[in-house]
Amino acid sequence: MEIKKYTFQMHGDERGQLVVLEKDKEIPFEIKRVYYIYDVKENVKRGFHAHKSLEQVLVCVHGTCKILLDNGKEKEIVLLNNPNEGLFISNHIWREMFDFSSDAVLVVFASELYDEKDYIRDYKEFLEYVEKQKF
């Protein structure tokens, strides 16, 4: 499985740092939705789904968290711990977010508006789906 991580250019001086994210530049798709996850309690896991169409870039803008990526054949864990790094997650990838630091803020840039029909929330159904797709 190919993991795509982006390192975003930082602009900073004695006043602090600035990171700019624009569609088709730092983010490889038109951004249609942005949301963030924070105040995740210890030992809580999030995600547990895949998308049929939607793509995402995840940025842990504060603190740290881990992302389990699973394409149905192989799994990989990615640590997000840098506010100028983004993790690209394409469609057809199962994801689980876990091991959030108490101060973690995870921002998600999504290629589509929310659509429950795009979600695969059952892992067995996900495995059947990717097998049928023949990627």
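Residues are numbered from 1 along each chain as its sequence is written, and side-chain values use heavy atoms, with hydrogens and water left out. Because the model is predicted, local features need pLDDT of at least 70 and side-chain atom pairs count only at pLDDT 80 or more, whereas totals for chains, interfaces and linings use all residues.

**Exercise 1.** Decide whether Glu-85 is buried or exposed, and find what surrounds this residue.

Begin with the location: Glu-85 lies in strand β9, where a strand is a DSSP run of E of at least two residues, a helix is a run of H or I of at least four, and both are numbered from the N terminus. Next, take the accessibility: buried means under 20% relative accessible area, exposed over 50%, and partly exposed in between, for a 1.4 Å probe and protein chains only. Glu-85 has 18% relative accessibility and therefore counts as buried. Finally, look at the neighbours: leaving aside residues up to four places away in sequence, Glu-85 touches Lys-5, Tyr-6, Thr-7, Phe-8, Leu-58 and Val-59, contact meaning heavy atoms within 4.5 Å.

**Exercise 2.** Explain why β9 is described as largely enclosed, and name the strands that pair with β9.

First, five of the five residues of β9 are buried, so the strand is largely enclosed by the rest of the structure. Second, consider the two faces: in a regular strand the side chains alternate between the two faces of the sheet. In β9, Glu-85, Leu-87 and Ile-89 on one side are buried, as are Gly-86 and Phe-88 on the other, and both faces are covered. Third, turn to pairing, which requires that DSSP finds at least two bridges between two strands. Strand β1 (residues 4-7) pairs with β9 in the antiparallel sense over four bridges, with Gly-86 as the bridge partner of Tyr-6. β6 also pairs with β9 in the antiparallel sense, over three bridges, and here Gln-56 has Ile-89 as its bridge partner.

**Exercise 3.** Describe the residues that line the second largest pocket.

Start with the closest residues: 13 residues line the second largest pocket, and Tyr-35, Arg-46, Gly-47, His-49 and Met-97 are the closest to its centre. A pocket is an open set of points on a 1 Å grid over the protein atoms alone, where a 1.4 Å probe fits, with protein on both sides within 12 Å along at least five of seven lines, and lining residues have an atom within 4 Å of a point. Then assign the elements: β4 (33-38), β5 (46-51), β6 (56-62) and β10 (94-98) each supply at least two residues of this lining.

Note on methods: Ala, Val, Leu, Ile, Met, Phe, Trp, Tyr, Cys and Pro count as nonpolar, Asp, Glu, Lys and Arg as charged, and the others, Gly among them, as polar.
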